[in-house]
Amino acid sequence: MSFLKLEHIHHTYFTKTSATTALSDISLEVKEGEFISFLGPSGCGKTTLLSIIAGLFQPTEGTILLENQSVNKSKKKIGYMLQQDYLFPWKTIEENILLGLKIFGNEDSAKKEYAYSLLEEMGLKGYEKQYPKQLSGGMRQRVALVRTLVTEPKLLMLDEPFSALDYQTKLRLEDLVSETLKSFGKTAILVTHDIGEAIAMSDRIYLFSARPGQIHKSFKVPKELRELSPFQARNHENYTHLFQEIWKELESLE
Amino acid sequence: MNNKQSTELLHKNYIKKLTYEKRWVRFYQFVIFFVFFLGWEIASKKQWIDPLIFSAPSKVWNLFIRKIQDGTLMVDLGYTLSETVLGFILGTLLGTILAAILWWSPFLSKVLDPYLVILNAMPKVALGPILIVALGPSMTSIIAMGAIISVIITTIVVYTAFKEVDPNYIKVLQTFGATRSQCFKEAILPACFPTIISTLKVNVGLSWVGVIVGEFLVSSKGLGYMIIYGFQVFNFTLVLLSLLVIAIFATIMYQLVELLERKLIKSN
């Protein structure tokens, strides 16, 4: 039994003058605890697919099952991290990380304790009463990660969460996120256009082609790389091989 | 050590420069005030301007003291102030509620769009006579004037702000399974506080216009009535006194809104 199952997903956007097919016949399966990347050029519908999996809107056709349930019923099992942190600037860090619990109407003290302990784990203890704009970009993205993890989602969606950060912060956060997700045994889907990031972080990579978005090919990341942290994986010789292979495929798409 | 000292010295100089500049600003502000009233007084005394029309600060001041002593100014001010404040609050509140309804139902907002444009374009004071007949020549119709003049523009401005809130904030909430009302409460409304405050600032002025015009039309009390009465009996000292009082209290209201702004928007 697979954890997440997508069957023949089609999605078309309609405007007055056009009908654009964003996704065409996407079928894939994800096992529990796996880290999957969606890699592809911009306009290949990666973010659309993520939104559909998150149950934010319905695909034109196709079914998505999360633990054999339709995603609309299991919204609480899904966490979503966006390109930018989107912390609410008028809320303190504390209010921001407790937002999910507030929406669920489930702010008991045990959950709150969990939130504070996560914040501490991310090295952000003592920032509870501050406002997001007092924090640096990397710190804010870490707060966003805490906000996402507090509700204990089973499936985590990462929509280019590192793309707005500087390179150094990005490398550090990759390690932190990868380590955190592994230790909690979370299943995750990462959307990215960075080949290196996809290889360094994931177990499997789906390469998408654009217009309409389709799965072009899937790659398995070799075991040696999977066992390393993203930073170390980048220095492994197999990393370069896989990078070249994916690069060639991407070139052939154009 | 040396370096630190020189930095401190530079900082001190910088602060000195700032206070120095501030003092000059205050000085010139005072000069303008002084020159204006002194010039006015002299021009009136020397008959360079018609004292019957333009009065003189000393005359306005004497009238002010007299009207304070017999208590009539306080009564008039009380009426106008309460009408304005009520009209202002009502207009802003109704406008914001209407904007929320429009945000709630995109269909309704599409339906109502042309009517909002028409209502906004129409000069609201022209509705005065109808209001007075409908609501009676009382405080109610004047408050209604104060409110109606600001309600439509508030609706339009606040609704536009609601629509322009970054949809990603909504997305964050939706991934937590938030309902539409939770989205409104957690994201839309707080994100729009700055816009709502700036409409409040505009509405302070508008409500005064509405109320004064309302009093022109109907009242037998209030600062607007003082102006129209002074005009009719050709007592322009009375008109000018009323104008100055209005200016002072409109400014106070504006300052209060700014105070509210600082309280409400903590994160900025």
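This is a predicted model: local features need pLDDT of at least 70, side-chain atom pairs count only at pLDDT 80 or more; totals for chains, interfaces and linings use all residues.
Student: What share of chain B is buried?

Tutor: Of the 268 residues in chain B, 33% are buried. To count as buried, a residue needs 20 or more other C-beta atoms within 10 Å of its own.

Student: What makes up the secondary structure of chain B?

Tutor: Chain B contains 12 helices and 0 strands. Its pattern along the sequence is accordingly α-α-α-α-α-α-α-α-α-α-α-α. Among the contacts in chain B with a separation of 6 or more, 74% join residues 24 or more positions apart.

Student: Why are the buried residues of helix 6 of chain B said to be on the same side?

Tutor: The buried residues of helix 6 (residues 128-135) of chain B are Gly128(B), Leu131(B) and Ile132(B). They cover an arc of only 95° around the axis, so they lie on the same side of helix 6 of chain B.

Student: What lies on the face of helix 6 of chain B turned away from its buried side, and against which helices do the buried residues pack?

Tutor: The face turned away carries Pro129(B), Ile130(B), Val133(B) and Ala134(B), which are exposed; the cut-off for that word is 12 or fewer C-beta atoms within 10 Å. The buried residues pack against helix 7 (139-163) and helix 10 (193-217) of chain B. After helix 6 of chain B comes Gly136(B), with a positive phi near 90°.

Student: Which parts of chain B touch chain A?

Tutor: The contact involves 19 residues from chain A and 14 residues from chain B. Helix 8 (167-175) and helix 9 (180-191) of chain B each supply at least two residues of the chain B side. Helix 8 of chain B gives the largest share, 7 residues. By type, the residues on the chain B side are 7 nonpolar, 6 polar and 1 charged.

Student: Why are strand 6 and strand 10 of chain A said to stand at the edges?

Tutor: The open sheet of chain A has 6 strands in the order 6-7-8-3-9-10, with mixed pairing. Strand 6 (78-81) and strand 10 (214-220) of chain A each have a single partner strand, so one side of each is left without a neighbour in the sheet. From one strand to the next, the twist averages 20°.

Student: How do you know that strand 3 and strand 8 of chain A pair?

Tutor: Pairing requires at least two bridges, and strand 3 (residues 35-39) and strand 8 (residues 187-192) of chain A have 5 bridges in the parallel sense. For example, Phe38(A) has Val191(A) in strand 8 of chain A as its bridge partner.

Student: With which strands does strand 1 of chain A run antiparallel?

Tutor: Strand 1 (residues 4-14) of chain A runs antiparallel to strand 2 (residues 19-30) of chain A, joined by 8 bridges, and a hairpin connects the two through 4 residues. Strand 1 of chain A also runs antiparallel to strand 4 (residues 61-66) of chain A, with 5 bridges.

How values were computed: Residues are numbered from 1 along each chain as its sequence is written. Chains are lettered from A and ligands numbered from 1 in the order in which they are written. Two residues are in contact if their C-beta atoms, placed from the backbone, lie within 7 Å. Ala, Val, Leu, Ile, Met, Phe, Trp, Tyr, Cys and Pro count as nonpolar, Asp, Glu, Lys and Arg as charged, and the others, Gly among them, as polar. Axes are lines fitted to C-alpha atoms, for helices over the stretch in contact, and angles run from 0 to 180 degrees between N-to-C directions. The arc is that of the directions from the helix axis to the C-beta atoms.
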